[in-house]
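Please find below my notes on the model under discussion. They are set out as numbered points.

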Amino acid sequence: MNKPATRWTDQRVETIIGNLLRAGVLLAAAVVALGGVIFLVRHGCTMPQYARFVGEPFELRTVSGIVRRAASFRGRNIIQLGLLLLIATPVARVAFSVVAFALERDRLYVGVTLIVLAVLLFSLAGGHV
Amino acid sequence: MRAPAPRAEFINELLTQDPRARTVNTLELTLLIWLGSLLAGFLGSLTGLGGGIVITPLLTLAFGVDIRYAIGATLVSVIATSSGAAAAYVKEGFTNIRIGMFLEIATTVGAVVGASIAARLPASSIAVIFGIVLLYSAYMASRPSPPRVADDHRNRLATLLKFDSEYPTTTGLQSYHVRGVPTGFSLMFVAGTLSGLLGIGSGALKVIAMDQAMRVPFKVSTTTSNFMIGVTAAASAGVYLQRGYIDPGLAMPVMLGVLLGSLLGARVLARTRTASLRLVFGLVVAIMAVEMIYHGLTGKI
């Protein structure tokens, strides 16, 4: 795929990552917009309930719950899937950086990036202090 | 079991003469929030203050949204603008990925801590803290950044961490040396905590930490800060999601509005003079800050 002569420079890696992020955001925005249309068609005439905090239902609070519910084709569930995709873009960026630093044979930064990735995954897995 | 409609006196006055005649429905409120977010994203991107910082006050003060939902929706939009802008910044070649990644250890841990604190604080305290941070940001934005002499000494820790790099200028590649790593790292922890606590990007504080404390050139600081904002916000987002702060119906118009607004703002930015705009926007932010503090102290939020 890559010629052995091709060097993994920071700039090249960054360009790939930048495009990856933009694609991720556009995909997330499209999913959110689709869910939004369904949500508004079905619930546009109801009264909004954002003034009093009750919290989201539990199935919309976890990664696995959101992924499971997305197939139900309810507007709110699809929006939440889009938001999850959005949250995943920076995580994907960090994961990609681990690979990139490994290709550059920069062990110090493979370590640094793995720490950041671990914190992100800890948070997404529902961990808090 | 239907919760009461939001404290939407403001919107009702806009839409009807008689506040008791009707309240806005979800469709109307969603469109209004989308428009507000679009404007906030546009102005935030033009002035460099970021759109996120005014969305939460807008939602709580004008639309009567609970501050926890407002913070959750804003946080999501912060990720969108950060990731959306990354591709444009990368082309300019200013981002220092090593500085960003190393400091992200501080910001992500800070964000998880901040988001956990947010869950334990009453909404009114969060509103007051938010107002104070907002005031400070408005002050920083209206103030021109002081000129800074380049540092040409190598710093041991910065060298060890391979922070020293170069960036493109009109006269070719300019190299720079970094210092003050412990100070920068500590400030980044604070920035991360505020980000997690208030659902903002804390871009201003991140830039100060790099530009002032670590002597990273300004352009490298701002682009690296943008890179870090998305990752920091993602760390808080996990906690917010678990706490049920991220409401899809509310986050949808905010995220789509801010994203479109900031992309438009970035297009216009190249050919606009922003000095007076910064001042006006700074003033708006300051007024919102005072309102937030007042509402927080009087227990209205």
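This is a predicted model: local features need pLDDT of at least 70, side-chain atom pairs count only at pLDDT 80 or more; totals for chains, interfaces and linings use all residues.

1. Residues are numbered from 1 along each chain as its sequence is written, chains are lettered from A and ligands numbered from 1 in the order in which they are written, and side-chain values use heavy atoms, with hydrogens and water left out.

2. Chain A has four helices and zero strands (DSSP runs, H or I of at least four residues for helices and E of at least two for strands, numbered from the N terminus). Of the 129 residues in chain A, 45% are buried (buried means under 20% relative accessible area, exposed over 50%, partly exposed in between, with a 1.4 Å probe and protein chains only). Among contacts in chain A with a separation of 6 or more, 56% are between residues 24 or more positions apart (contact means heavy atoms within 4.5 Å). The accessible surface of chain A is about 6600 Å², with 68% of it on carbon and sulfur atoms (Shrake-Rupley method, 1.4 Å probe; for residues, only the protein chains shown count as cover).

3. How much area do chain B and chain A bury between them? The figure is about 5900 Å², and 70% of it is on carbon and sulfur atoms (accessible area, 1.4 Å probe, that two parts lose on being put together, summed over both). Chain B gives 68 residues to the contact and chain A gives 66 residues.

4. Across this interface there are 15 residue pairs in polar contact, both at pLDDT 80 or more (a pair of N or O atoms within 3.5 Å; within protein, one must be able to donate a hydrogen and the other to accept it, and residues adjacent in sequence count only if both atoms are side-chain atoms). On the side of chain B that touches chain A, the elements giving two or more residues are helix 2 (26–47), helix 4, helix 5, helix 10 (218–243) and helix 11 (248–269) of chain B. Helix 5 of chain B supplies the largest share, twelve residues.

5. Over all chains the structure holds six salt bridges, and the count between chain B and chain A is four (a side-chain nitrogen of Lys or Arg within 4 Å of a carboxyl oxygen of Asp or Glu). A:Glu56 pairs with A:Arg76 in one of these, with the closest N and O atoms 2.6 Å apart. A:Glu56 lies in the loop between helix 1 and helix 2 (63–70) of chain A and A:Arg76 in helix 3 (residues 75–103) of chain A, so the pair ties together parts that are 20 residues apart in sequence.

6. A:Arg76 also forms a salt bridge with B:Asp247, at 3.5 Å from N to O. This pair crosses between chains, from helix 3 of chain A to the loop between helix 10 and helix 11 of chain B. Both A:Arg76 and B:Asp247 are buried.

7. A:Val25 lies in helix 1 (residues 10–43) of chain A and is buried, with a relative accessible area of 2%. Leaving out residues up to four places away in sequence, A:Val25 touches A:Leu86, A:Thr89, B:Ala80, B:Ser83, B:Gly84 and B:Leu259.

8. B:Thr95 sits in the loop between helix 4 (67–92) and helix 5 (97–120) of chain B. B:Thr95 counts as buried because its relative accessibility is 17%. Its contacts beyond four places in sequence include A:Glu14 and B:Phe227.
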